[in-house]
Amino acid sequence: MDYLIFDEPIGSIAVSPRDDLLLLKALGTHTLLLTLDVHVPNAPEAGRVLILETSLQAPHGNGMPITLASSNTALAFRPDQRADHRFTYTLTNAQLRALEENRSGDLRLEMTVRAVLPQASAGLYPGSTEIRLHLTVAESRWKRQLEGLGPSLAVEMSVPFPAADEPRREAVQYLLSAQSRLRSADIDGALLDVRRTLEYIRENSGWLQPSSKKQLEQYTKEERWAAVGKALERQASGALHKDAITKTFTYTREEVETMIAATAALLRLI
């Protein structure tokens with residue numbers, strides 16, 4: 001247990017994280033649920049309400065932790081009571097991608113906690129010291145949580161997460177735009193952004209297009225990747241050209257998700 005220290009006669013409040021992290025899909029975001037075991041001492045001077053100010057963070061290399069989300073939660077209690085309290089945090093797809101990019105094995109999170117007793121007796125300082133809790137989520141459990149969010153998240157997680165100055169940033173923005181359009185049911189718009197990404201790949205991959213005189217089994221490895229990209233580009237063009245053949249084409253959400261995932265996989269190679 002870690003202890004939030006108050007002035008006497010209140011003393012300290014014991015706080016400990018529970019191993020029951022839960023990740024739920026919400027509308028356009030995701031809800032992370034964590035439980036803290038809180039034990040309030042037998043001090044009537046504390047009042048009956050405890051406000052816990054928490055900040056959820058992720059370690060980042062050797063630098064300062066990155067803040068993911070915060071919450072202020074008011075808890076009713078009785079002196080000398082020990083109870084579990086659940087805290088809710090909202091995470092975006094980008095934050096989940098960043099957690100995966102920086103995770104090696106188990107997921108490690110940190111939480112800073114400070115408590116306030118707004119009903120503490122007159123003359124007592126109502127605020128506590130700040131403590132830092134360390135949470136570890138087993139890799140197998142974390143993967144199950146991600147899988148529970150459905151296949152759409154798996155597609156979004158496949159998009160590379162480059163640094164701000166990386167050349168692929170332009171192509172990544174196209175794919176992120178495709179995902180955003182798909183969430184808004186703009187199928188044709190999503191496919192247009194997929195095609196823009198594929199054009200970027202064709203122009204920047206260095207893969208030579210195979211000669212029409214070559215047999216498939218004669219293609220080099222790079223020519224085969226180029227052929228995969230060309231096939232995807234033609235598929236993405238089907239919704240846009242509206243020629244005699246493609247004008248009857250309609251694409252499902254699942255088909256567009258597949259094209260985004262396949263394009264993201266190619267983008268990782270360049």
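**Exercise 1. Describe how helices H4 and H5 are placed relative to each other, giving the approach of their axes and the crossing angle.**

Solution. The axes of H4 and H5 approach to within 8 Å and cross at roughly 165°, where axes are lines fitted to C-alpha atoms, for helices over the stretch in contact, and angles run from 0 to 180 degrees between N-to-C directions. Helices (H or I, at least four residues) and strands (E, at least two) are DSSP runs, numbered from the N terminus. H4 and H5 are therefore roughly antiparallel to each other, a label for angles over 145 degrees, while those under 35 count as roughly parallel, 65 to 115 as roughly perpendicular and the rest as oblique. The crossing of this pair, H4 and H5, is left-handed, meaning that the near helix is turned anticlockwise from the far one by less than a right angle, whereas clockwise would be right-handed. Among the residues of H4 that meet H5 are Ala171, Tyr174 and Leu175, and the H5 residues they are grouped against include Asp193 and Thr197.

Before going on, note that this is a predicted model, in which local features need pLDDT of at least 70 and side-chain atom pairs count only at pLDDT 80 or more, while totals for chains, interfaces and linings use all residues. Residues are numbered from 1 along each chain as its sequence is written, and side-chain values use heavy atoms, with hydrogens and water left out.

**Exercise 2. Find where Thr197 is placed, and decide whether Thr197 is buried or exposed.**

Solution. Thr197 belongs to helix H5, which covers residues 187–204. Its relative accessible area is 0%, so Thr197 is buried (buried is under 20%, exposed over 50%, partly exposed in between, with a 1.4 Å probe and protein chains only). Next, the side chain of Thr197 reaches the backbone oxygen of Asp193 at 2.9 Å. Finally, when neighbours within four places in sequence are left aside, Thr197 is in contact with Ala171, Tyr174, Leu175, Thr263 and Leu267, contact being heavy atoms within 4.5 Å.

**Exercise 3. Work out how H4 and H7 run relative to each other from the angle at which their axes cross.**

Solution. Helix H4 (residues 169–183) and helix H7 (residues 253–267) have axes that come within 11 Å and cross at roughly 165°. That angle makes H4 roughly antiparallel to H7. H4 passes H7 in a left-handed crossing.

**Exercise 4. State which residues in helix H2 are buried, and which exposed residues lie on the face turned away from them.**

Solution. In H2 (residues 139–147), the buried residues are Trp142, Gln145 and Leu146. Seen down the axis of H2, they fall within an arc of 100°, so they line one face of the helix; the arc is that of the directions from the helix axis to the C-beta atoms. The face turned away from this buried side carries the exposed residues Arg144 and Glu147.

**Exercise 5. Compare the surroundings of Ser16 and Asp37.**

Solution. Ser16 lies in strand E2 (residues 12–17) and counts as buried at 19% relative accessibility. Asp37 is in strand E4 (residues 30–40) and counts as buried at 8%. Not counting residues up to four places away in sequence, Ser16 touches Met1, Thr35, Leu36 and Asp37. With neighbours within four places left aside, the contacts of Asp37 include Met1, Ser16 and Arg82. The side chain of Asp37 also makes a polar contact with the side chain of Arg82 at 2.8 Å (a pair of N or O atoms within 3.5 Å; within protein, one must be able to donate a hydrogen and the other to accept it, and residues adjacent in sequence count only if both atoms are side-chain atoms).
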